[in-house]
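This briefing summarises one protein chain for computational work.

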Amino acid sequence: RERHDEAVAAAAALHERTVARNDRFLAAFSLSLIMLATVLTGDVRRGVELGTRALEICEPLGDYFTVGTNTVNLAWALGVAGRVDEGRRLVEPVLRTVSSAGPDVDVVGIGSTVGRLELWGGDVDGAIATLDRSSRFGEPPHENWITVRTFPVLSDALRRAGRADDARAVA
């Protein structure tokens with residue numbers, strides 16, 4: 001059962017409280033949750049607007065986790081909106097930074113979002129490589145939500161590459 005309305009109501013209430021306290025971390029993440037639900041329920045243009053605002057709110061923090069994750073969320077929304085190249089350009093600096101920063105730097109969903117953008121942009125082989133790396137983020141892989149959300153996209157990319165058996169094994 002979809003419960004987007006409930007999620008939006010809870011996130012909106014949190015957003016109001018955190019904005020009043022000037023808590024940029026929670027204000028950005030609560031708005032990003034609203035953005036995700038908005039895109040998933042079909043108002044993609046409004047979702048991009050909300051994602052842009054979430055990123056504006058958190059950018060002064062300048063940290064990997066908050067700014068990076070909200071950047072990745074906006075890049076995903078841009079991809080859903082058909083603005084794949086813009087999404088890839090947005091996430092590229094985050095990807096470069098995270099790649100060189102070491103294992104302690106966490107940006108939620110970067111692998112699955114970059115893989116989706118590559119897939120949507122026609123780079124099936126690049127998507128497979130990115131998504132395969134992302135699917136190995138945590139061990140065991142089926143107990144980590146970051147890896148689990150990568151599997152359907154990796155399966156789709158493998159299917160598009162004509163690797164149906166591999167796609168079934170991942171799914």
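Phe65 is partly exposed, since its relative accessible area is 31%. This residue belongs to an aromatic cluster that also contains Phe25 and Phe29. The coordinates come from a predicted model, and the values below are computed from that model.

**Overall fold**

- The chain contains 10 helices and 0 strands, so that its order along the sequence reads α-α-α-α-α-α-α-α-α-α.
- For 171 residues, a compact globule would have a radius of gyration near 16 Å, and the chain agrees with this at 16 Å.
- The C-alpha trace spans about 50 × 40 × 30 Å along its principal axes.
- Buried residues make up 46% of the 171 residues of the chain.
- The chain exposes about 9300 Å², and 51% of this area is supplied by carbon and sulfur atoms.
- When contacts between residues at least 6 apart in sequence are considered, 50% of them join residues at least 24 apart.

**Nonpolar cores**

- The largest nonpolar core has 19 residues, and the members that touch the most others are Leu31, Met35, Val39 and Ala77.
- Helices α2, α3 (44–58) and α4 each supply at least two residues of this core.
- The helix that gives the most to this core is α3, with 7 residues.
- A second, separate core comprises 12 residues, including Ile128, Leu131, Phe151 and Ala157.
- Beyond residues up to four places away in sequence, Val39 touches Val44, Gly47, Trp76, Ala77 and Val80.

**Aromatic pairs**

- The count of aromatic pairs in the model is 3.
- One of these pairs joins Phe29 and Phe65 in a tilted arrangement, with 5.6 Å centre to centre and 40° between the planes.
- Phe29 is in helix α2 and Phe65 is in helix α4 (residues 64–80), so this pair ties together parts that are 36 residues apart in sequence.
- Phe29 is buried because its relative accessible area of 17% is under the 20% cut-off.

**Polar site at Ser32**

- Ser32 is located in helix α2 and counts as buried, with a relative accessibility of 2%.
- The side chain of Ser32 makes a polar contact of 3.2 Å with the side chain of Asn70.
- A further polar contact, of 2.8 Å, links the side chains of Ser32 and Asn73.
- With neighbours within four places in sequence left aside, Ser32 is in contact with Ala54, Asn70 and Asn73.

**Backbone feature at Asn22**

- Where is Asn22 placed relative to α1 and α2? Asn22 lies in the loop between α1 (4–20) and α2 (24–40).
- Asn22 has a positive phi of about 60°, although the residue is not a glycine.
- Most residues other than glycine have a negative phi.
- Asn22 is exposed because its relative accessible area of 58% is over the 50% cut-off.

Note on methods. Residues numbered from 1 in each chain as written. Predicted model: local features only at pLDDT ≥ 70, side-chain atom pairs only at ≥ 80, totals over all residues. Heavy atoms only, no water. Helix = DSSP H or I, 4+ residues; strand = E, 2+ residues; numbered from the N terminus. Buried < 20%, exposed > 50% of the residue type's maximum accessible area, 1.4 Å probe, protein only. Phe/Tyr/Trp six-rings, centres within 6.5 Å; stacked < 30°, edge-to-face > 60°. Polar contact = N/O pair within 3.5 Å; in protein donor to acceptor, adjacent residues only side chain to side chain. Contact = heavy atoms within 4.5 Å. Core = buried A, V, L, I, M, F, W, Y, C linked by side-chain atoms within 4.5 Å. Rg over C-alpha atoms; globule rule 2.2 N^0.38 Å. Areas by Shrake-Rupley, 256 points an atom, 1.4 Å probe, with all protein chains shown as cover.
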